[in-house]
Amino acid sequence: MLLLVVVCAGISQTALAAEPAVPADPVRVKVDVSFVEVHTGPGRGYPVFHVVERHAPLTLLFERAGWFKVETARGKVGWVSREALMDTVDGTGQAPKLAYTLEEWQRHRWHAALLGGNLDGANSLAAAVGYRLTENITAEGMYTAASGDFSNNKLLEFNLQHQLFPQWRLSPFVMLGTGRASIEPRATLVQPESRGESYVHGGAGLKYYLSRGFLLRGEYRSYVLFTDENQNRDLEEWKIGFSVLF
């Protein structure tokens, strides 16, 4: 598993470092204000080296961090901000519809998640808050409550997630975590004592970016509970739910 994480991390970093290819059918717009400034790089700190006047065409090549690489009718290539492109029009005479890109999603550091699933035959509901430490690594705290026929379980944990290809819209991830479980057995005649057990878990899942600030998340987990008995307990869990980025 560790070898897989290392290899995939290297592949994903290489993919991110590469410059996107120019699409086969670039988007073309026309300036609809007095002028639009073209910068030498994707940021306001880069100098303006060219100005495109009203009614002049622009070809949008690709986007990076809220800036579009463009080509003018005279063959000059530079960068225009997303906000400036709202002052252009497409073939319909309207402002171009610019998708909320993965790069913009990835600028969010925090997320909150709500997931439901099945923990070893018991219905589970989980709430989590996480912080993205790097492009690939996210730290997360999660609380899970699971209610079954034989016990009520509460799990409080900390986990680390490695998102293998964060630039993909459908993005796989793996995780490792540890926590503490509170188990309350159900009984009809004699109420047995609740017990607490530490555990570790590993898992894998998929994240799918839906729209601005929202993603769908599904995952599988395998738990090992360290009990006072002669052998440890193994549990499995499936979860699916939504995350909100902020």
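A residue is called buried under 20% relative accessible area, exposed over 50% and partly exposed in between, with a 1.4 Å probe and protein chains only. The model is predicted, so local features need pLDDT of at least 70 and side-chain atom pairs count only at pLDDT 80 or more, while totals for chains, interfaces and linings use all residues. Residues are numbered from 1 along each chain as its sequence is written, and side-chain values use heavy atoms, with hydrogens and water left out.

**Exercise 1.** Classify the pair formed by the rings of Tyr199 and Tyr223, and state whether each residue is buried or exposed.

Solution. Rings of Phe, Tyr and Trp (its six-membered ring) pair if their centres lie within 6.5 Å, and planes under 30 degrees apart count as stacked, over 60 as edge-to-face and the rest as tilted. The structure holds four aromatic pairs. In one of them, the centres of Tyr199 and Tyr223 are 5.4 Å apart and the planes stand at 70°, so this pair is edge-to-face. Tyr199, at 0% relative accessibility, is buried, and Tyr223, at 1%, is buried.

**Exercise 2.** Classify the pair formed by Tyr220 and Trp238, and describe the exposure of each residue.

Solution. The ring centres of Tyr220 and Trp238 lie 4.9 Å apart with planes at 50°, so the pair is tilted. With a relative accessible area of 25%, Tyr220 is partly exposed, whereas Trp238, at 56%, is exposed.
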